[in-house]
Amino acid sequence: HMDPAIRKAILVRDNYTCQCCDIGGQAYIGQLDTHHVVPVFLGGKDEVENGTTLCVLCHSLVHAWSTGELQVPKSKTEAELEKMSTEEKVMYEHEQKRFKRVIKLGNFIRQGMKAKGIKKEAMRKMVHDVNPGRNKPGQGQKADL
């Protein structure tokens, strides 16, 4: 669990914006989580520098990547890109950037798992048991926002 003061500092630092997909603003506060880049149980510290803001979906994607449950879509070929409208290309490029960020964050977890000798199957069980980021008031985390 993340210290509520650290959570608040991370959200403020990141301007209440998901660092993977860029959605955000204070109107999204209910859709935003804070995430330990290197989980505490894998050696990370509970401090602002080891935290980032993620939306609920991106947070789930990071953990799914870390446990091998996320299949990243294949990149488009030049021929496929040529058939796309400008709007479709912009959306595609945005999604590509999002998945790169998700993978980068998920790889920090994978590296920690490898260092601790934790297998993906065991990590899947841990992730599913704790439901990352979804500690809301009444479930062990104070409402401080």
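In the predicted model, the buried residues of helix 1 (residues 4-13) are covered by elements that include strand 1 and strand 2 (51-55). These buried residues are I6, R7, I10 and L11. Viewed down the axis of helix 1, they fall within an arc of 135 degrees, so they line one face of the helix. An α-helix has 3.6 residues a turn, so residues three or four places apart point the same way. At the start of helix 1, the backbone nitrogen of A5 lies within 2.7 Å of a side-chain oxygen of D3. Just after helix 1, N15 adopts a positive phi of about 55 degrees.

Strand 1 spans residues 32-36 and contains H36. The relative accessibility of H36 is 13%, and H36 therefore counts as buried, the cut-off being under 20%. The side chain of H36 forms a polar contact of 2.8 Å with the side chain of D46. With residues up to four places away in sequence left out, H36 touches H1, M2, K45, D46 and N50.

A further packing arrangement involves helix 2 (residues 56-66) and helix 4 (residues 86-116), whose axes are 8 Å apart and meet at an angle of about 45 degrees. Helix 2 is therefore oblique to helix 4, and the crossing between helix 2 and helix 4 is right-handed. On the helix 2 side, the contact is made by L57, C58, L61, V62, H63, W65 and S66. Helix 4 contributes R98, F99, V102, I103, L105, G106, N107, I109, R110 and M113.

Notes. Residues numbered from 1 in each chain as written. Predicted model: local features only at pLDDT ≥ 70, side-chain atom pairs only at ≥ 80, totals over all residues. Heavy atoms only, no water. Helix = DSSP H or I, 4+ residues; strand = E, 2+ residues; numbered from the N terminus. Buried < 20%, exposed > 50% of the residue type's maximum accessible area, 1.4 Å probe, protein only. Polar contact = N/O pair within 3.5 Å; in protein donor to acceptor, adjacent residues only side chain to side chain. Contact = heavy atoms within 4.5 Å. Arc of directions from axis to C-beta. Axes fitted to C-alpha atoms, helices over the stretch in contact; angles between N-to-C directions. Parallel < 35°, antiparallel > 145°, perpendicular 65-115°, else oblique. Left-handed = near helix turned anticlockwise from the far one by under 90°.
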